[in-house]
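Please study the sequence and the three-dimensional structure shown here. The report that follows describes them part by part.

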Amino acid sequence: MTSPAEPTEPTAPLRTVGWIHVRDGRLLVVRSRDNDLFFMPGGKLDPGESDEQALVREIEEELGVLLDPATVRSGFVAEAPGHGLGGRLVRMHCLYAEPLPGSPAPAPRAEVGEMLWVGADDAHRVPPAGRIVLERLAESGDLAA
C-alpha cells in the first residue's frame, strides 16, 4: 500500500533557457538579490514561447541587452538538480546569441542584483547545472581556468 504523500509520477524537469555569453575566456553569470549563487542569464519559458523567444525576452528583462533573434543557435542541454527546488531537475537549454548592433552592454536589471564573469575554476559560485556549463565550455576551450 502506498501512502498519499508518495507521488505517482515523477515531476517533469523544469525547462529553462540560458544565454552562453563568453568574453575573454569568461562566462557571464548573474545573481538575483535574494540568492547566494550565480546563474546563467535566462529563465523559464512563458506559455507558447519558443526557446529563442524566451531567451531574447529574458536577456532584455535581466540585462537590458537586445539579442538578434537571427543569431540564436543551440549550444547544449545541462540537466541537474535545481538549486533551492527540493531536488527537482532543471533542464536548461543553453543557447548562443549575439546582441543587435548598438545594443547596450549587459547591466543588472529587474531581479538581477549582480553580474560576474566566471572561468572554469569558479564552479563553487554556480549551481549544479552551471557546473555542467562550465565543464562543457572548458572542454571546448572556450573558458579560461
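Histidine 21 is placed in the loop between S1 and S2. In this predicted model, its relative accessibility is 16%. Because buried means under 20% relative accessible area, histidine 21 counts as buried.

Leaving aside neighbours within four places in sequence, histidine 21 is in contact with Arg26, Leu27, Leu28 and Trp117. Two of the strands named in the next section, S3 (residues 26-32) and S7 (112-118), deserve attention with this list in mind.

## The three-stranded sheet

Which order do the strands of the open sheet of three follow? The order is S2-S3-S7, and the pairing is antiparallel. Strand S2 (22-23) and strand S7 (112-118) each have a single partner strand, so one side of each is left without a neighbour in the sheet.

Strand S2 is joined to strand S3 by two bridges. In these, valine 22 has leucine 27 as its bridge partner, and arginine 23 has arginine 26. On the way to S7, six bridges join S3 to that strand, again in the antiparallel sense; here valine 29 stands opposite leucine 116. Five of the seven residues of S3 are buried, so this strand is largely enclosed by the rest of the structure.

## Two residues with positive phi

Most residues other than glycine have a negative phi. Aspartate 24 has a positive value, near 55°. Aspartate 24 belongs to the hairpin of S2 and S3, in which two residues lie between the strands. At 72% relative accessibility, aspartate 24 counts as exposed.

Alanine 110 also has a positive phi, near 50°. Its place is in the loop between S6 and S7. With a relative accessible area of 48%, alanine 110 is partly exposed.

An open sheet of four strands has the order S4-S1-S6-S5, and its pairing is mixed. Strand S4 (42-44) and strand S5 (73-81) are its edge strands, each pairing on one side only. From one strand to the next, the twist averages 20°.

Within this sheet, strand S1 (residues 14-20) and strand S6 (residues 89-96) pair in the parallel sense over seven bridges. The bridge partner of isoleucine 20 in S6 is tyrosine 96. Helix H1 (residues 51-63) packs on the sheet and touches S1, S4 and S6; the direction of H1 makes about 65° with that of S1. Helix H2 (residues 128-139) lies across S1, S5 and S6, and runs at about 135° to S5.

## The nonpolar cores

In soluble globular proteins, nonpolar side chains tend to be buried together. The largest nonpolar core of this model has 19 residues. Those that touch the most other members are Ile20, Leu27, Met40, Met92, Cys94, Val133 and Leu137. Among the elements, S3, S5, S6 and H2 each supply at least two residues of this core. Apart from it lies another core, of 15 residues, among them Ala54, Leu55, Val72 and Leu95.

What does leucine 137 touch, not counting residues up to four places away in sequence? Leucine 137 touches Ile20, Val22, Leu27, Phe76, Tyr96, Asp142 and Leu143. Of these, Ile20 and Leu27 are also named among the core members with the most contacts to other members.

## Valine 126

Valine 126 is found in the loop between S7 and H2. Is this residue buried or exposed? Valine 126 is buried, with a relative accessible area of 2%.

Leaving aside neighbours within four places in sequence, valine 126 is in contact with Val29, Leu37, Phe38, Arg131 and Leu134. The C-alpha atoms of valine 126 and phenylalanine 39 are separated by 6.1 Å, although these residues are 87 residues apart along the chain.

## The largest pocket

Rolling a probe the size of a water molecule over the atoms shows where empty space is left. In this model, the largest pocket holds about 600 Å³ of space. Of the 28 residues that line this pocket, Thr16, Phe39, Met40, Gly42 and Gly43 are the closest to its centre.

Which elements each supply at least two residues of the lining of the largest pocket? They are S1, S3, S4, H1, S5, S6 and H2.

Notes: Residues numbered from 1 in each chain as written. Predicted model: local features only at pLDDT ≥ 70, side-chain atom pairs only at ≥ 80, totals over all residues. Heavy atoms only, no water. Pairing = 2+ DSSP bridges. Axes fitted to C-alpha atoms, helices over the stretch in contact; angles between N-to-C directions. Contact = heavy atoms within 4.5 Å. Buried < 20%, exposed > 50% of the residue type's maximum accessible area, 1.4 Å probe, protein only. Core = buried A, V, L, I, M, F, W, Y, C linked by side-chain atoms within 4.5 Å. 1 Å grid on protein atoms, 1.4 Å probe; cavity = no way out; pocket = protein on both sides within 12 Å on 5 of 7 lines; lining within 4 Å. Points joined across faces, edges and corners; volume = space filled by probe spheres on them.
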